[in-house]
Amino acid sequence: MAQLVSLAVRTLHVLTVAVLVGSTVALWYGYRTAAVTDLAAARRYEWLFWGALGVLVLTGVGNLGALGVPGPTTDWGRTLLAKLLAVLGVVLGSAIRTLVVVRAGERNGSGADTMNMALRGTLGRSYGVTAGALLALVVLAEVLAHG
């Protein structure tokens, strides 16, 4: 039974990452190509991102509980530390990105979701950086899983 729970936790972790990376890349592409021209998609994404991040933290802790915490002097421990520092960077960068989206929505005031080209460019770049960072985390996770 414990193995099934562990498998379910790992599966949820991987699926959540897939949703997060896919939605981030879609938003980056949408703002970059002007297929997305309003703030509504960014607002929805920010809710999705922070909720998914919570799921990732919980399932990540669950995975550590199932696999055991490595020593800091092992290769696995150093890789895990690098991944955790990268996660911290994604969280801090995403907090800034979310504040940009919130401030842009406040500037519109009336709830209008239109945006200028500069803001669209800023959001496109920020979602691009987020997507790149998330993909780097996927690589680190793969190294952790398979050496």
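Let me begin with a definition: rings of Phe, Tyr and Trp, the last by its six-membered ring, are paired if their centres lie within 6.5 Å, and planes under 30 degrees apart count as stacked, over 60 as edge-to-face and the rest as tilted. On that basis, ring pairs link Y31, Y45, F49, W50 and Y127 into a cluster.

The model before you is predicted, so local features need pLDDT of at least 70 and side-chain atom pairs count only at pLDDT 80 or more, while totals for chains, interfaces and linings use all residues. Residues are numbered from 1 along each chain as its sequence is written, and side-chain values use heavy atoms, with hydrogens and water left out.

I shall stay with the rings for a moment. The structure holds 5 aromatic pairs. One of them joins Y31 and Y127, which are stacked with 6.0 Å from centre to centre and 10° between the planes. This pair links distant parts of the chain, since Y31 belongs to helix α1 and Y127 to helix α4, 96 residues apart. Helices here are DSSP runs of H or I with at least four residues, strands are runs of E with at least two, and numbering starts from the N terminus. Both Y31 and Y127 are buried; the term means under 20% relative accessible area, whereas exposed means over 50% and partly exposed lies in between, with a 1.4 Å probe and protein chains only.

The rings of Y45 and F49 have centres 5.9 Å apart and planes at 35°, so this pair is tilted. Both residues lie in helix α2, 4 residues apart, or about one turn of the helix. Y45 is buried at 4% relative accessibility, and F49 is buried at 1%.

Next, the core. A nonpolar core is a set of buried Ala, Val, Leu, Ile, Met, Phe, Trp, Tyr and Cys residues joined through side-chain atoms within 4.5 Å. The largest such core has 22 residues, and those with the most contacts inside it are L20, Y31, L39, A42, L123 and Y127. Two or more residues come from each of α1, α2 (40-67), α3 (75-108) and α4 (117-146). The greatest contribution to this core, 7 residues, is that of α2.

What does Y127 contact, leaving aside its neighbours within four places in sequence? With contact taken as heavy atoms within 4.5 Å, the partners of Y127 are T24, L27, W28, Y31, A42, Y45, E46, R97 and V101. T24, in helix α1, is buried with a relative accessible area of 0%. Under the same exclusion of sequence neighbours, T24 contacts Y45, Y127, T130, A131 and L134.

R97 forms a salt bridge with E46, with the closest N and O atoms 2.7 Å apart. R97 lies in helix α3 and E46 in helix α2, so the pair ties together parts 51 residues apart in sequence. Both R97 and E46 are buried.

A salt bridge also joins the side chains of D75 and R78, at 2.5 Å from N to O. D75 and R78 both lie in helix α3, 3 residues apart, about one turn of the helix. D75 is exposed at 56% relative accessibility, while R78 is partly exposed at 44%.

Note on methods:
Salt bridge = Lys/Arg side-chain N within 4 Å of Asp/Glu carboxyl O.
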